[in-house]
Structure formats: structure tokens, C-alpha cells
Amino acid sequence: MSFREIKLQPLTPGEKSMAKSHALLVDSYSGEEGLTNKAMKRPSYELLVIGFGAEIAVCKYFNVYWEPVIGDDQGIDFMLNGLIVDIKSSDQHKYLMAPSHKKMKSDIYMSVYFKENVYTVMGWATKEEFEKASVKMMACSTRYILKCYLHDIEPPVPTERVDGFKERLQKIGGSIVYT
């Protein structure tokens, strides 16, 4: 269960520019340039910048290359030790959320919260856990998992939980840091 939030390294000016440029390309490519996301009542471009920034920050954390995709990425943000990872980001909530009508293709779903230029990993869930998640009607039918039910990226204290956690962590390419 997720109790440890992981604050990620801030994006460099170049990485911020890359996220903004890619968001502009995707927004233009989708034919929705300048449109407002109906559920969030915000420009789609803003949400894309947050999302791509989260992907870049998480890829930096795991030391993997972020490969931008123009068009539908099919829910594959990056591969980590043979597993498909999908980043779900928000500046509104600290839980894992996605439209329930979307087909679940990734192995791991990671929740990243953005506030005041800081990206924070809230935790992650497997595809199977996310498929069983509660569904709530918001602007559309939405699947969500509260933060307390997400898995931590790094092992929590007490240390007796670390052994089983090492195996899960290694599956997604994480590292254990003792402080």
C-alpha cells in the first residue's frame, strides 16, 4: 500500500520545452488544437504538457529513454524490464484514474501528481488491480484506485516487508534505497 510519495527531479528547461513542444504537436495532430477538455474545463494543451512532463520525469527516475509518440500511443508510455508502463498524471488528484471504457493494455499503471512544478509519484498498480478498481461516474465513467491502495516505488518501513517487495520492484526496474 502506498504511503511513500517519491518527489522526482525537476525538469530542466530543455525537458520542459520538449514537453511543451510535443504537447503542441499532439494537440495539432489530434485536430483538437485550442479545444477545451470538457471534463476538466481546461485547454487540452495544458493537460498534455503535464502528462508529457510526468512521462519525462518518471523516465529520468528509472533512467530509461522517453520516446515521444505523435498520435495514439496505445497506452504504452515506456517499457521497463519487459513490462509496459502507462503514466497517469494529474494536477487535481492524488489517485490513479483513467476512463473505464479504455482497454487496459499496460502491465503497470503509475500515478503521478503535479503541483508547483514538482512531479510526485503517488504509487502504482498492476493491470489486474486496475481492472478490478472502482468505477465512478464523473464527467465520464472513470476507473480509479485511491492512493492508499497503490504500491510504493521504494520499500516502506518496517524492513520485514522489503523481501517480497524487492521482487516486485525489480520487475518494474526500481531500486531500493535505504535511508
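Visitor: Which residues form a nonpolar patch on the surface?
Guide: Leu25, Tyr29 and Ile70 do, with about 330 Å² of accessible area together. The model is predicted: local features need pLDDT of at least 70, side-chain atom pairs count only at pLDDT 80 or more, and totals for chains, interfaces and linings use all residues. Residues are numbered from 1 along each chain as its sequence is written, and side-chain values use heavy atoms, without hydrogens and water.

Visitor: What makes a patch?
Guide: Residues with over 30% relative accessible area and no salt bridge, with like charges joined within 9 Å and nonpolar side chains (Val, Leu, Ile, Met, Phe, Trp, Tyr) within 5 Å. A salt bridge is a side-chain nitrogen of Lys or Arg within 4 Å of a carboxyl oxygen of Asp or Glu. Areas come from the Shrake-Rupley method with a 1.4 Å probe; for residues, only the protein chains shown count as cover.

Visitor: Where is Ile70?
Guide: Ile70 sits in the loop between α2 (44-62) and β4 (78-80). Helices (H or I, at least four residues) and strands (E, at least two) are DSSP runs, numbered from the N terminus.

Visitor: Why does Ile70 count as partly exposed?
Guide: Because its relative accessibility is 43%; buried is under 20%, exposed over 50%, and partly exposed in between (1.4 Å probe, protein chains only).

Visitor: New topic. What order do the strands of the open sheet take?
Guide: Five strands run β1-β8-β7-β5-β4, with mixed pairing. β1 (6-7) and β4 are the edge strands, each pairing on one side only. Two strands pair if DSSP finds at least two bridges between them.

Visitor: What stands opposite Lys7?
Guide: Thr120 in β8.

Visitor: And what follows α2?
Guide: Asn63, with a positive phi near 55°.
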